[in-house]
Amino acid sequence: MPSTSSSVVVSLPAGQQMTLTTTGEAYADVLAGVIGAGFDSIRALPNRPRVIGPYGADASLRIRATGGTATYETRDPNPTAAAAVAGAFAQGSTIIGGLGDSITAQFTTTNGNGAQTEYRSKGFLTWLMILSDGALFTSRALNHGVSGQTSKQIADRSAAAAADMKSRGARYCTVHMGTNDLNDATVDEAQIVTNLSTACENLMKEGITPIVIPILPRFYDSGVVGTALTTERRLTLQRWARAQRNYTRSTPGALLCDPTIPFTDQSDALGYPIGREGSTNATMGKLAYTNDGLHPSPRGAFLIARMLLDLLKPRLSVIAPRVVSQADVYDATYNPGGNRFTNGFMKGTVAQSGTAAGTGATGVTNLRQSAGTGTVTVSKGTRTVQGVAMETQTCTTTGTGAAIELYRSYITINVTAGQLVEIDWALAVSNVTPGSLTKLEMFAACGTNWYAKRDETGLYQPDDAWAGTLTVPSFIAPVSGQMYVILEWGIDGTVTNAGAQIDTLRINVRVTDVA
């Protein structure tokens, strides 16, 4: 196997995987060719190899050994397993893709925060899938956002992107472009519309309905973050966005989802996005809808997703959760695809101990994960679904001084290496003290590998009450043994009366053999 003790640039052909191992510390930087190029860096440690790919296109990677020797091996993945992962949760859902720049691309990343694969909470497509409760599905392969691209660059690759999404069963695709055109002084309004038209027409030729999201409000200029937009450029963006709206309204077959009104601080004469702090920099407050004056924060992504769901819900052919009965449990003979967690609907009562008080559902462990004096009180409750009262588990949490106090609910499931794993956790969030819910993520720990719906350090969750289903990208179990499925949330105890209520509605874990 090839190796390096310094740095080398290698190619990873489309459809192939690379395994990166090291005796010290090593990184695989994604340089070009695929989503994540320019900002994804995949870390490997001793006894913790990382699997990279497969991608849908040829990728250029830089292998860096920062200590010891890095070894890398390219191979064909198990085609049956790869196909199973790709189509796992897509079954029974309406499939949606994304086409655009970094505002679309930030939905997902290859690795980070110790997770193998992940949906990011600052991606609006992540939130759309969560809030739809299984009715909509998306994935990294369906995300054709590329950071830094202009509308012309997006339009130029839109035909290939549309064909790829069609091959993956997409029926809808969000389209966001134009904000990076500020980098090109020769671009005018007509070109913006032409490029948008090209992208939408290429999608519709493949039978995919485009959903246009006009250029979002932004604070800083196209250069250094913190440089405020000039009047000319600010008004230019307004004119371009209006032209995008007018094009979409007059184009049969295209849909328009415009979050500009709620995204904009309407008390600000400059039309900047909600949450900026100060007049000469792009510092965003924790309640902001962007994390830097341009890119949506989890709160902003949630807003966009909620509007997208309002638009799409009347058009969806499937609205159904992934687990619908307590009786749908695993049986090797009669129901091998059944739920491996036998208490999917939160039945039974178990007295809590340790850092949790009260009574919870059978099979679910609840605790305060971090040090601190915050509290978690667990109780059984009900939630009405179509007129029927369904049992739930409620965790009422409070923060009392520490900057971040973490809480967890978790279950354990036994898996065998090579099995396909699919997980979702239906929940409801309510009674959030504004600005106190710092994170909410669900992840699976399988051996030394972590698979996650991931949150962003320093960015806060919505204060709104909502219900939905968290999931992680489907994966092949790398080792045999006990797998932890963990729901984790954080409370900012420095906020007065900090707290939030997390209701678990259903838990679904499917573990199936791959031929």
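Predicted model: local features only at pLDDT ≥ 70, side-chain atom pairs only at ≥ 80, totals over all residues.
Student: How many cavities of 30 Å³ or more does the structure hold?
Tutor: A probe the size of a water molecule, rolled over the atoms, shows where empty space is left. Counting cavities of 30 Å³ or more, the structure holds three.

Student: Which helix gives the most residues to the lining of the largest cavity?
Tutor: The largest cavity holds about 140 Å³ of space. It is lined by 13 residues, and those closest to its centre are Ile215, Leu216, Pro217, Leu237 and Gln238. By class, the lining has three charged, three polar and seven nonpolar residues. Five lining residues come from the helix that gives the most, residues 231-249, which is α7.

Student: Which elements give two or more residues to the lining of the second largest cavity?
Tutor: The volume of the second largest cavity is about 60 Å³. Its lining includes Asp424, Trp425, Ala426, Arg506, Ile507 and Asn508. Two elements meet the condition of two or more residues: β25 (420-430) and β31 (499-512).

Student: How many charged residues are in the lining of the second largest cavity?
Tutor: Asp133, Arg322, Asp424 and Arg506 are among the residues that line the second largest cavity. Its lining divides into five nonpolar residues, three polar ones and, for the charged class, four.

Student: Why does the length of helix α6 agree with its number of residues?
Tutor: Helix α6 covers residues 189-205, which is 17 residues. At 1.5 Å a residue the helix should span 24 Å, and this agrees because its end C-alpha atoms are apart by 24 Å.

Student: What do the buried residues of α6 pack against?
Tutor: The buried residues of α6 include Ile192, Leu196, Ala199, Cys200 and Leu203. Just after the helix, Gly207 has a positive phi of about 80°. The buried residues of α6 pack against strands and helices, namely β9 (94-100), β14 (170-176), β15 (209-212), α4 (151-156), α5 (158-167) and α7.

Student: Which residue in the turn between β19 and β20 has a positive phi?
Tutor: β19 (residues 350-351) and β20 (residues 356-360) run antiparallel and are joined by two bridges; Ala351 has Thr359 as its bridge partner. The two strands form a hairpin with four residues between them, and the turn residue with a positive phi, about 70°, is Gly354.

Student: How many residues of strand β30 are buried?
Tutor: β30 runs antiparallel to β24 (residues 405-415), with 11 bridges, and Arg408 has Glu488 as its partner. β30 also pairs with β26 (residues 437-446) over eight bridges, where Leu440 is partnered by Trp489. β30 (residues 481-491) is largely enclosed by the rest of the structure, because of its 11 residues the number buried is eight.

Definitions and conventions. Residues numbered from 1 in each chain as written. Heavy atoms only, no water. 1 Å grid on protein atoms, 1.4 Å probe; cavity = no way out; pocket = protein on both sides within 12 Å on 5 of 7 lines; lining within 4 Å. Points joined across faces, edges and corners; volume = space filled by probe spheres on them. Nonpolar A, V, L, I, M, F, W, Y, C, P; charged D, E, K, R; others polar. Expected span 1.5 Å × (residues − 1). Buried < 20%, exposed > 50% of the residue type's maximum accessible area, 1.4 Å probe, protein only. Contact = heavy atoms within 4.5 Å. Pairing = 2+ DSSP bridges.
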